[in-house]
Amino acid sequence: MSVESVEMEHWPVCLSYFDPFDVFGAVQSEFSSIFPLDVVRWKTNDGSVRTIENLPVKLTVEDDQQQSNIKFEEPYIRLIVVTCISVDEYRTKVRPLLHQWLPTVHDSSGPFTMPLILLYANSEVTDTSIFKTMSVMDKLNKDFPDVQALELKSVYKSPAEKTEFWLKLSNKLKAFLIEVFQHRIRILESKLTRQFTENEELEIREQLFKIYAEFRRTEDAKGQLSMIKNLMDKRIKNVETGKLEVPFEMSLSGKESTKQLLSAKNLTKFTLYRSNFLRELMLLQLYDDDISKYTQIYELTKDFIRKIEKEFAADTRLLEFKFDFCKKMLDTIPSTSRSEWLPTINEIKADIYLIKRDAWIHGLMINHGYQLLQKNYSNKTLYSFGLDKEAAESEDAFQKSFALQTKELLALYSQCNGKRQRMADILSLEVGLLHYQRKEYTKAVQLLMSCNEYYTESKWTVIGVNILEIFVDSLTNCVGIETIDFDGESVPVSTILRNSYLNLIKYYNSTSEKKIFWNKFLELKNDDMTELVYPSEDLIDFSVDGNVFLHAPNVYGINVEIKGNGFPDVIDVTQFKITMKNSNNEFNEFIERDFLLEMESKSYCLKSKNITFGEFGIESIELCIGSTTIIKAFEDTTNKVIIEPLFHENNVWFEIRESNELKLGKYELEIADFNFGHTNDLELYLEVGKSEVTQINPVSFDSEIDQATITLDKESLSESKKIKYFFNEQQEQFTLFAKLTYSLQKNPDVIYSISRVIHIDHYLPLSVSVEDIFKKDKFFFKFLLNSSVKEEPVLIFGSELQCFELEHSYELSGPFIPDSPLTITGTGGESCINCFQISTKQTFNNSDIFHLMIKYCTLRDFLKSYVTDAVLLEGDVEFFQKYETWKLYWLSNILSELEFDYNLYEKNMILKLNGQSLDIFKVGVRLKYMKVDPVVRSKFLSCLKRLSEGIDLTEMEINEYMKVFNVKTLTVPVQLPELERFYEVSFARQDCKRHQTPNKVGEPLAFHIKIKNSSDKWGIQRHDKLAYTFEIINNNDWLVHGRKRMILKDDFEEMDIDLIPLRKGYLTLPQIEITSSVGNPVRVDNSNTYDIVLVF
């Protein structure tokens, strides 16, 4: 029986119904579906609102026996279901039945609430009135004014009406149920204000406890239970101890109230402890599902067992009781899939299981004379134990069952945290001792080896040496066995014995004893050269000088002192090595070979010719003595060793950097080398590090394929010091892993290497757009410079247009160099315009390339993209598939509503929502209402919560979202546009005398228009056979008097027209247009486009 079943069985609110007309079955399914009642609220006397999120309800059929046996402490509603289709039926059946049924609930003291009448209304009753002046419901209310009547029906006009009907009925039942609850609480509390005996108080408080528990008022129920226990503490001394009951019943019957037990004189300490325990247990189940609830259940269980052990120590059934009780309690602890709960749940199960197992061991050993090593029990009390007859059949069955149970405990404790996990070592020892007792030496060796290590590591050396003695005895008794399978590997027996001898050397204080085992160790070593790795703790100690120095050109060294030597003699060391590791799992090894280790402390220099620079933690120190390696492993790597490149004129060295000038589409790395000429077999290996976000190579060393590595030899480096690379994706930074391998000409047999991590910064955060302007024989490039990201500034230091190899063909205007950098923000429409004039005495050629060179620095912000990609998605591919469904909602309704505290971000690099952002609680309600996938909803809310609390960012985390660049030079290639035709147009006033007189509305003004085809100047090949038409565009300010439109037949055309002004003021001349015969407009340079004429 699980705890949940206990809860549902003993703590629902009961409703009974009487169905004399057998009609309730038509609606019973819908009626039952509204249970359990959710969100039941009521207002207390102090004005606060209480809420029950989920109120279980039990619906039972009422029979005659129940009608005559209604208990006051049962806080349920009684229901009677009736139906009526005629006046006669109402008068002869329904009304007499109700009169007969209702009085059974009357009581002179008035503690009861009248029941409910449920009128089942079929279609006839619903649609018509069987009485002339009122409905059946009105008739019921008139004949039984003290009883509430509700309608039941199974016929609905629509699904919406059905839903609304049962929702209203549910709300009415909630209200009626709360009315019953509050009514009975008031009566019971009023009784406590009168004079009463202790028995009466006990009865009242038990009734209050039960009602409070049923209605989930856990704190009130807890208070009543505490008072009940206080009342019984006064009597506990006068109550008989009683006897333990086996099996233990995990439920309370209605006859087990303390008052009823006292009345029947059945109250004992056991029944009292039992009832209190079960009440507290079931009360705890009403709390929210949290790990603390199960820890409280665990503490309650332990306290109950302690009381039983104290009071019933002499009870012969104590062991049987503990065994049975713990078995049932194990069934009450649920399994869980929540990883954060798993260690605690397993610990609770394991501790209860351990009590059960130990009671089992105790019972069988004293009753059957079975034996286990290091387990002894007193025969002072002869406890009975007959609950496991199968294990009691023989000592072999007992031992096998003991091993099985202990292994199950091992599985549980091994998943616990902290000190409780150490119970696994104790239990392993018990199993190992059992194997030793059963002469299963091989199995004993495997378990006792780890047990011995645990006790010695815990500084319990006395126990450890004792186990080691049994271990060695087991190992020597493994006759004919040369190897033992240990942790999935086949280990020679001699190797294990060598390890054991070293343990004894370590723990013995006497030098003579140490020498005995040292000689045995050396003998074994000579017989078997299998590698043995042994920890150095308590045998030998090392002290590392964290300073790495240049021992010789291209050779780095570090000093390590050996002290606390636990060996009894001088040792011939074959290799002394220290290994370091960095966060990229790269290693450095410093080594010294072939020397004598003295017994006194001494410092030794370890050297490395193959070096990787950076920050490293010490991984291990190894001292090799023949085939045995004494090793000290370092788990704590907080003390870092920083290895920096040190200068020496004879060192071989290299640098890699990007060219200072960025040419769009052409990128190069430059290599600077030192002493490469003194080397042989030189090889430089470069590898591009993958993007942390996309996990692809951001650049390639080949334009055609994705080539992330390149290897250069000495010859290729002598030819060129530059390496071209190409972008697979634009990024702020990419990483190069560089390794230089070489030998020196003076010593070609020794290989040296240098490994480095080089960060190359590259990003194009500046947007450049270009517009071209034609003016007769001049051309203008108009460049618009903008920040490519909003809300972040861009600093422009200057720009210049160059034509490089075309200097003799074109004349360019000078560079743009502001006195101070121009700041351009992404908001407010800020931008920078650079205009450069190009002129030529020859013709313009659209194949000629010019280069705009810009010096700039910018900062980008992708906060909203960062929230989606890094905070919400986090690279979770499985979640992304679910997220895509709700992506538009996230972007348009949540992400778009977020307001960030930008000042906090810029000052402290903290990404946080400001006070004007959206209400997270409302978002959660909305997402739940929309039935968003629980995983997506949880991730959305978790993301918003993190943002509301503030997220500390680092540069590495925001590489894709905050792009910061130093001043760079960007070179942008541009070309002259390709044109079909180009014309020059001019307006000239005629009649100078008239021109000097005031211009008046309605008086024509004479103009001479010139149209010239200048296509040859711009290098345009005129092979098309299209006709071109000149036209003056209609204008509300002018009337055109003369030719308004004409076909251009020659390269130079002239025409005279009159323009008649239609209003006073400054009038702009009308616009003109030249189009081809297919309707395409061509380039026109109208020198009078913005000329103004003053009209009076």
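Okay, let's start with a definition: a charge sits over a ring if NZ of Lys or CZ of Arg is within 6 Å of the ring centre and within 35 degrees of the ring normal.

Before that, a word on what we're looking at. This is a predicted model, so local features need pLDDT of at least 70 and side-chain atom pairs count only at pLDDT 80 or more, while totals for chains, interfaces and linings use all residues. Residues are numbered from 1 along each chain as its sequence is written, and side-chain values use heavy atoms, with hydrogens and water left out.

Now, those arginines. Arg274 has its charged end over the ring of Phe248, 5.7 Å from the centre of that ring. Arg756 does this with Phe654, and there the distance to the ring centre is 5.5 Å.

On to salt bridges. Side chains of opposite charge can pair when their charged atoms come close. The rule used here asks for a side-chain nitrogen of Lys or Arg within 4 Å of a carboxyl oxygen of Asp or Glu. How many salt bridges does that rule give? The count comes to 36.

Let me walk you through some. Glu30 forms a salt bridge with Lys162, with the closest N and O atoms 3.8 Å apart. Glu30 lies in helix 2 (residues 28-33) and Lys162 in helix 7 (residues 159-191), so this pair ties together parts that are 132 residues apart in sequence. By the way, helices here are DSSP runs of H or I with at least four residues, strands are runs of E with at least two, and both are numbered from the N terminus.

Are these residues buried or exposed? For that we need cut-offs: buried means under 20% relative accessible area, exposed means over 50%, and partly exposed is in between, using a 1.4 Å probe and protein chains only. Glu30 counts as partly exposed because its relative accessibility is 22%. Lys162 is at 32%, so Lys162 is partly exposed too.

Arg205 pairs with Glu201, and the closest N and O atoms are 2.9 Å apart. Both residues sit in helix 8 (residues 198-214), 4 residues apart, which is about one turn of the helix. And both Arg205 and Glu201 are buried.

Then there's Glu668 with Lys722, a salt bridge at 3.9 Å, N to O. This one links distant parts of the chain: Glu668 is in strand 23 (residues 667-674), Lys722 is in strand 27 (residues 722-727), and they are 54 residues apart. Glu668 has a relative accessible area of 28%, so Glu668 is partly exposed, and Lys722, at 45%, is partly exposed as well. Salt bridges can also share partners, and that joins Arg357, Asp358, Lys375 and Glu430 into one network.

Let's switch to aromatic rings. A pair of aromatic rings is described by the distance of the centres and the angle of the planes. Here, rings of Phe, Tyr and Trp (its six-membered ring) pair if their centres lie within 6.5 Å; planes under 30 degrees apart are stacked, over 60 edge-to-face, and the rest tilted. The structure holds 37 aromatic pairs.

One of them is Tyr370 with Phe398, which is stacked: 5.1 Å centre to centre, with 25 degrees between the planes. Tyr370 is in the loop between helix 14 (342-368) and helix 15 (395-413), Phe398 is in helix 15, and 28 residues separate them. Both Tyr370 and Phe398 are buried.

Phe542 and Phe576 give us a tilted pair, 5.8 Å centre to centre and 35 degrees between the planes. Phe542 is in strand 11 (residues 541-544) and Phe576 in strand 14 (residues 571-581), so this pair ties together parts 34 residues apart in sequence. Phe542 is buried because its relative accessibility is 6%, and Phe576 is buried at 0%. There's also an aromatic cluster, formed by Tyr17, Phe24, Phe31, Phe35, Tyr156, Phe165 and Trp166.

Last stop, Arg78. Arg78 lies in strand 5 (residues 77-83), and with 5% relative accessibility it counts as buried. Where is Ser16 relative to Arg78? They are 62 residues apart along the chain, yet their C-alpha atoms are separated by 5.1 Å.
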